[in-house]
Amino acid sequence: MTATSDARAATSPNVLIADLHFPEGPRFRDGRLLFSDFYAHEVVAVDPDGKRQTVVRVPNQPSGLGFDPQGRLLVVSMLDRRLLRHDPDGLTEIADLSELAPSHLNDMVVDRRGRAYIGNFGFDRHRGEAPRTTAIFRVDPDGAVSVAADETFFPNGSAITDDGETLIVAETWARRLTAFRICADGSLADRRTFADLGDGVPDGICLDAEGAVWVADPRHNEAFRVLEGAQVTQRIAADRGVFACMLGGEDRRTLFLCTAATSGPQAAESRTGRIEYVRVEIPGAGLP
């Protein structure tokens with residue numbers, strides 16, 4: 001079913017911090033929002049007062065973030081296609097996906113057992129490559145890499161339901177959210193369309209306690225809340241692209257948005273990126 005809408009009037013967000021290159025992969029933990037600033041090559045943390053701190057520098061461009069069962073930060077290194085762990089003495093390689101992933105790694109969600117599900121671009125549109133499907137990869141805690149799902153079209157933002165049984169993935173260029181059942185061994189089964197988004201272009205996503213998905217849509221400068229079956233119930237309008245979202249704060253009712261005027265290599269030359277936020281009624285749930 002294609003996305004339908006009975007959404008309330010659009011709400012404009014507030015700015016928490018600005019002067020970023022390109023923020024992505026937001027995660028809320030221990031009272032702070034962590035995110036990757038691609039072209040600054042760093043993972044950043046910001047508190048509710050807007051005080052920011054560089055957590056770690058990632059030379060080959062950080063993207064998806066997550067945490068293992070011990071609470072250690074995991075970071076996707078985009079350009080060299082590796083999964084890294086932030087240890088007290090620096091970054092440790094967990095897995096090298098460069099022989100499997102055809103293009104840059106992208107977003108990630110880590111389940112409560114420490115299994116990381118990682119997407120990738122599949123092709124380089126900035127170099128004019130023809131669009132093609134690609135795989136979602138799973139990295140187990142021991143570093144073993146496997147294909148979790150194939151034939152996905154730019155697998156991007158990902159989330160896991162609170163019961164740990166369902167993975168939802170934004171397939172950006174297919175303009176849909178796709179759901180999989182997570183089997184006991186971490187493999188994925190029973191692929192289904194969670195929501196056909198029509199002309200929506202999904203990037204980062206997060207879940208709320210009613211089973212709805214908040215979707216960042218950079219093409220339409222908004223984030224929207226969609227139920228399974230594609231009914232849109234709320235929209236948040238921005239004045240620039242919205243590339244990722246995360247429900248956080250003490251009550252998980254603060255929707256944080258990663259926004260920027262542009263994406264791609266040109267974003268490295270600008271500082272239009274922001275972390276913005278708005279309060280919502282339904283709290284976050286599941287992972288991330």
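The model is predicted: local features need pLDDT of at least 70 and side-chain atom pairs count only at pLDDT 80 or more, while totals for chains, interfaces and linings use all residues. Residues are numbered from 1 along each chain as its sequence is written, and side-chain values use heavy atoms, with hydrogens and water left out.

Four bridges hold β7 and β8 together in the antiparallel sense, and Leu65 stands opposite Val75 in β8. Strand β8 (residues 73–77) is in turn joined to strand β9 (residues 82–87), again antiparallel, by four bridges; in this pairing Leu74 faces Arg85 of β9. The hairpin of β8 and β9 has four residues between the strands, and Arg81 in it adopts a positive phi near 60°. The hairpin formed by β9 and β10 has two residues between its strands.

A further open sheet of four strands has the order β2-β25-β24-β23, with antiparallel pairing. Its edge strands, β2 (14–20) and β23 (241–248), each pair on one side only. The twist from one strand to the next averages 20°. Inside this sheet, strand β24 (residues 254–260) pairs with strand β25 (residues 273–279) over six bridges in the antiparallel sense, and Thr254 has Arg279 of β25 as its bridge partner.

The interior is described next. A nonpolar core is a set of buried Ala, Val, Leu, Ile, Met, Phe, Trp, Tyr and Cys residues joined through side-chain atoms within 4.5 Å; buried means under 20% relative accessible area, exposed over 50% and partly exposed in between (1.4 Å probe, protein chains only). The largest such core has 16 residues, and those with the most contacts inside it are Ile168, Leu177, Ile205, Val213, Val215 and Val226. At least two residues of this core come from each of β16 (166–171), β17 (176–182), β18 (188–196), β19 (205–208), β20 (213–217) and β21 (222–226). A second, separate core of 14 residues includes Leu74, Val76, Leu97 and Ala135.

Aromatic side chains form seven pairs in the structure. Rings of Phe, Tyr and Trp (its six-membered ring) pair if their centres lie within 6.5 Å; planes under 30 degrees apart count as stacked, over 60 as edge-to-face and the rest as tilted. The ring centres of Phe22 and Phe243 are 4.7 Å apart and the planes stand at 70°, so this pair is edge-to-face. Phe22 lies in the loop between β2 and β3 (23–29) and Phe243 in strand β23, so the pair ties together parts that are 221 residues apart in sequence. Both Phe22 and Phe243 are buried. Together with Phe38 and Tyr39, Phe22 and Phe243 form one aromatic cluster.

Charged groups also lie over rings, a relation that requires NZ of Lys or CZ of Arg within 6 Å of the ring centre and within 35 degrees of the ring normal. Arg29 lies over the face of Phe67 at 4.2 Å from the ring centre, and Arg235 over the face of Phe224 at 5.6 Å from the ring centre.

Some backbone features remain. Most residues other than glycine have a negative phi, and most peptide bonds are trans. Phe154, in the loop between β14 (145–152) and β15 (155–160), has a positive phi of about 60° although it is not a glycine. Phe154 is buried, with a relative accessible area of 9%. Ala230, in the loop between β21 and β22 (231–237), has a positive phi near 95° and is buried at 0% relative accessibility. Finally, a cis peptide bond with omega about 5° joins Leu287 and Pro288, and Pro288 belongs to the segment after β26 (284–285).

Conventions:
Two strands pair if DSSP finds at least two bridges between them. Axes are lines fitted to C-alpha atoms, for helices over the stretch in contact, and angles run from 0 to 180 degrees between N-to-C directions.
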